[in-house]
Amino acid sequence: MTEPRATSADAAGGAAVETQRCPQCAAALAGHDRFPVWCPACEWNLIPSKRADPARSKRERRRAVRAERRTESRRRAVRARTEQVFELVAAGGSNFRDRSVAAAFALAGLVHLVSLGVLLLALGLVSGLLLPGWPGPVLGVIGLCVAFALRPRLGRPERGPNVLARESAPALYALADRTAAALGTAPVDLIAVDGAFNAGFGVLGLRRRRQLVIGLPLWATLTRQQKVALLGHEFGHGVNRDNRRSLWTGSAVRALEEWSLLTRPGRVDTRGNLMVVAAAAAAALLLWVVHQGVLGLTELMHRLNLRSGQAAEYRADRLAAGLTSVADTRGMLTGILHSSTVETVILRQRALPRPRPGRTGQPAAPDLWQSLAEATRSIPPIEVERRLRLSERELGAVDGSHPPTHLRLRMLATAPPPPSDRHPVVLDAAEDAAIEAELAGHRERIARDLL
């Protein structure tokens with residue numbers, strides 16, 4: 001028999017909640033009208049179950065089961081690798097000079113050598129040294145086009161309206177400069193904003209310009225010191241010798257990604273002459289073989305960079321904690337788990353009627369950025385805990401190059417205590433208000449793009 005439910009008020013968000021019993025272990029449950037009900041004791045409904053599609057055939061269900069087994073097998077392998085890196089870094093190891101880094105450096109050299117070889121071959125054909133007569137220059141021009149497509153990628157800094165000039169955002173640049181100086185690294189050359197729930201740092205282009213990109217949806221959900229922690233983490237990549245971001249290895253990684261797009265075979269048109277179709281199918285098959293080889297090299301490069309890359313993320317988190325506090329850095333990392341709430345708020349705002357220009361008397365749509373901040377900061381602790389446990393079970397991370405968020409939070413427990421109670425970088429209310437005023441125009445433009 002189902003236990004009677006008692007209604008109470010949620011302290012975090014003021015929403016009505018219902019208390020009931022877990023059907024699996026009979027522990028008391030605390031529900032919430034915005035989030036799934038689950039059991040912290042036995043993790044019942046940690047992942048809300050999906051209803052089976054009755055229209056699916058037995059064969060489709062068997063395929064789904066096999067696919068789930070393969071996914072779980074890959075997840076176990078990734079878990080073993082990531083936990084090995086965690087234990088190594090927690091013990092003070094992984095100094096970025098192990099054999100995997102040397103192998104990644106050598107593989108990057110192979111990638112650059114292929115690009116150089118194609119270029120030299122094309123130049124030899126164009127000049128007539130390798131193939132005299134008219135076919136040589138024609139093939140050489142084609143080879144030059146291929147060499148251009150295979151060239152090492154140095155990255156391109158942001159351009160256009162997303163870039164903030166120092167003159168138009170002095171407060172934000174001043175905060176970034178203070179953060180960089182506190183970490184002992186060079187200041188950025190440019191700051192850009194976009195609509196992603198993320199942030200990034202890179203050294204890009206021939207001039208090796210240092211760029212910071214801030215996703216305004218993420219920025220809007222953070223408190224003042226959590227914003228400092230976010231900047232500290234991104235600038236931390238400028239001082240922790242991240243092998244993935246080096247000129248030699250980083251350009252090879254980006255080149256392999258472009259190679260993958262270039263060699264992806266298209267669909268063969270089966271209409272028309274049989275000989276043409278056969279030739280197209282043979283060319284597509286050859287291109288598929290090359291594409292699989294490129295994918296293998298890309299996966300190998302990521303595997304070789306896994307240890308140094310994830311160690312770099314852990315060290316960047318520690319540097320961020322040294323600028324603010326472990327609590328602020330934990331709050332920043334936990335906030336990254338709330339991407340689903342951010343997506344829900346954006347979808348709901350898209351469904352709202354927008355006031356038409358020139359019309360009066362229409363209710364204005366709620367401010368997107370205020371709605372994002374209120375929605376994420378009112379998430380009750382029980383839901384935050386569910387997302388943390390879900391991150392641990394499914395190895396949730398920002399992307400494949402980052403460690404799982406739950407391991408990043410665990411690593412912060414090993415961070416040394418601050419030398420004093422005063423934070424090296426403090427974002428006060430006045431400075432935060434000045435930064436928000438500088439971003440106001442960009443917030444309006446990006447909100448229009450998102451909605």
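Is Leu123 buried, partly exposed or exposed? Leu123 counts as partly exposed, because its relative accessibility is 43%; the class lies between buried, under 20% relative accessible area, and exposed, over 50%, with a 1.4 Å probe and protein chains only as cover. The structure is a predicted model, in which local features need pLDDT of at least 70, side-chain atom pairs count only at pLDDT 80 or more, and totals for chains, interfaces and linings use all residues. Residues are numbered from 1 along each chain as its sequence is written, and side-chain values use heavy atoms, with hydrogens and water left out.

Leu123 is found in helix H2, where helices are DSSP runs (H or I) of at least four residues and strands are runs (E) of at least two, numbered from the N terminus. Leu123 also belongs to a nonpolar surface patch of about 810 Å², made together with Leu110, Leu113, Val114, Leu116, Leu119, Leu120, Val126, Val141 and Leu144. Two or more residues of this patch come from each of helix H2 (99-127) and helix H3 (135-149), and H2 gives the most, with eight residues. Patch residues have over 30% relative accessible area and no salt bridge, and nonpolar side chains (Val, Leu, Ile, Met, Phe, Trp, Tyr) are joined within 5 Å, like charges within 9 Å. A salt bridge is a side-chain nitrogen of Lys or Arg within 4 Å of a carboxyl oxygen of Asp or Glu.

The end C-alpha atoms of H2 are 42 Å apart, which agrees with the span of 42 Å for its 29 residues at 1.5 Å a residue; the expected span is 1.5 Å times one less than the number of residues. After H2 comes Gly128, with a positive phi near 85°.

Helix H11 (residues 368-377) is mostly covered, with seven of its ten residues buried. These are Leu368, Trp369, Ser371, Leu372, Ala373, Ala375 and Thr376. They pack against helix H5 (216-221), helix H10 (339-351) and helix H14 (429-450), contact being heavy atoms within 4.5 Å.

The count of disulfides is zero, a disulfide being a pair of cysteine sulfur atoms within 2.5 Å. The closest cysteine sulfur to that of Cys22 belongs to Cys42, at 3.6 Å, which is too far for a bond. Cys42 is likewise in no disulfide, and its nearest cysteine sulfur, that of Cys25, is 3.6 Å away. Cys22 counts as buried because its relative accessibility is 4%, whereas Cys42, at 26%, counts as partly exposed.

Positive phi values occur at residues other than glycine. Glu43 has a phi near 65° and is found in the loop between strand S3 (28-30) and helix H1 (58-90); its relative accessible area of 27% makes it partly exposed. Arg208, with a positive phi of about 50°, lies in the loop between S6 and strand S7 (209-215) and is partly exposed at 23% relative accessibility.

Two residue pairs were also examined. Asn198, in the loop between strand S5 (190-194) and strand S6 (199-204), is 16 residues from Ile214 in sequence and 6.8 Å from it in space, C-alpha to C-alpha. Gly293 lies in helix H8, and its C-alpha atom is separated by 9.8 Å from that of Thr263, 30 residues apart along the chain.

Note on methods
Areas by Shrake-Rupley, 256 points an atom, 1.4 Å probe, with all protein chains shown as cover.
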